[in-house]
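Here are my notes on this model, written as numbered points. Please keep the structure open while you read.

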Amino acid sequence: MRENKCRLYSRISLIFSVISSLPILFCIMNPQSDKDEKTLVFIASSVFWAGLIAEQVFIWMANFQRKKLSENEKSAYPGIISFFKTKPGKVSDIVLIVSVTVFVIMSAAKISVNVGQFILLFLIVLSFRFHCITNGKNYSYKSEKKKRGAKS
């Protein structure tokens, strides 16, 4: 049961990562008045911080459940410095690498300065967050348990 909670909390944290990353796309909008711009900034900031806080709460909850399950856990690197640990981690790592590369090229060549770069920034932020979560201990706990031959 706790294993299911750990997996559920990890997945919910991914959902809040998407929600928290969406305000980057709000930068594409072009408000017509100062009042509209202030409203947009307030909404974007609120969505970003609420999503970020909720994401972290669910990561901590998943971590708490995982620690309860594993007494003799081997030391593993945190997700931020782990690459290609799980299938979703591989996808997010590839998207991150490609997005950063294309963003640097577009910035150097001054191509699509507005819309294209904001979309790439969204992909960079989202794939980086997914990279950290999907390559981390909480997300990979189930796959590591299967590799060791333990029952689900």
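1. Start with burial. The chain has 152 residues, and 31% of them are buried. Keep in mind that this is a predicted model. The accessible surface of the chain comes to about 9800 Å². Carbon and sulfur atoms hold 68% of that surface.

2. Next, the elements. How many helices and how many strands does the chain have? There are 5 helices and 0 strands. Read from the N terminus, the order is α-α-α-α-α.

3. Now look at contacts along the sequence.

4. Find Leu-14 in helix α1, which covers residues 2-21. Is Leu-14 buried or exposed? Its relative accessible area is 11%. The cut-off for buried is under 20%, so Leu-14 counts as buried. Leave aside its neighbours within four places in sequence, and Leu-14 is in contact with Phe-130, Ile-133, Thr-134 and Tyr-139. Leu-14 and Leu-126 are 112 residues apart along the chain, yet their C-alpha atoms are separated by 9.3 Å.

5. Turn to the aromatic rings. The whole structure holds 3 aromatic pairs. One of them joins Tyr-9 and Phe-58. This pair is tilted, with 5.9 Å centre to centre and 50° between the planes. Where do the two partners sit? Tyr-9 lies in helix α1, and Phe-58 lies in helix α2, residues 34-69. The pair therefore ties together parts that are 49 residues apart in sequence. Both partners are worth checking for burial. Tyr-9 is buried, with a relative accessible area of 14%. Phe-58 is buried too, at 18% relative accessibility.

6. Stay with Phe-58. Phe-58 also forms an aromatic pair with Phe-16. Here the rings are stacked: the centres are 5.7 Å apart, with 15° between the planes. Again the pair links distant parts of the chain, with Phe-16 in helix α1 and Phe-58 in helix α2, 42 residues apart. Phe-16 is partly exposed, because its relative accessible area is 23% and buried requires under 20%. Put together, Tyr-9, Phe-16 and Phe-58 form one aromatic cluster.

7. Now move to the surface. Which residues form the nonpolar patch? They are Ile-28, Val-91, Val-95, Val-115, Ile-119 and Leu-123. Together they have about 430 Å² of accessible area. Two elements give two or more residues each to the patch: α3 (87-109) and α4 (115-134). The largest share, 3 residues, comes from α4. Val-95 is partly exposed, with a relative accessible area of 33%.

8. Last, the cysteines. A disulfide is a covalent bond between the sulfur atoms of two cysteines. How many disulfides are counted here? The count is 0. Two cysteines are still worth a look. Cys-6 is buried, at 2% relative accessibility. Cys-132 is partly exposed, at 22%.

Definitions and conventions
Residues are numbered from 1 along each chain as its sequence is written. This is a predicted model: local features need pLDDT of at least 70, side-chain atom pairs count only at pLDDT 80 or more; totals for chains, interfaces and linings use all residues. Side-chain values use heavy atoms; hydrogens and water are left out. Helices (H or I, at least four residues) and strands (E, at least two) are DSSP runs, numbered from the N terminus. Buried means under 20% relative accessible area, exposed over 50%, partly exposed in between (1.4 Å probe, protein chains only). Contact means heavy atoms within 4.5 Å. A disulfide is a pair of cysteine sulfur atoms within 2.5 Å. Patches are made of residues with over 30% relative accessible area and no salt bridge: like charges are joined within 9 Å, nonpolar side chains (Val, Leu, Ile, Met, Phe, Trp, Tyr) within 5 Å. Accessible areas come from the Shrake-Rupley method with a 1.4 Å probe; for residues, only the protein chains shown count as cover. A salt bridge is a side-chain nitrogen of Lys or Arg within 4 Å of a carboxyl oxygen of Asp or Glu. Rings of Phe, Tyr and Trp (its six-membered ring) pair if their centres lie within 6.5 Å; planes under 30 degrees apart count as stacked, over 60 as edge-to-face and the rest as tilted.
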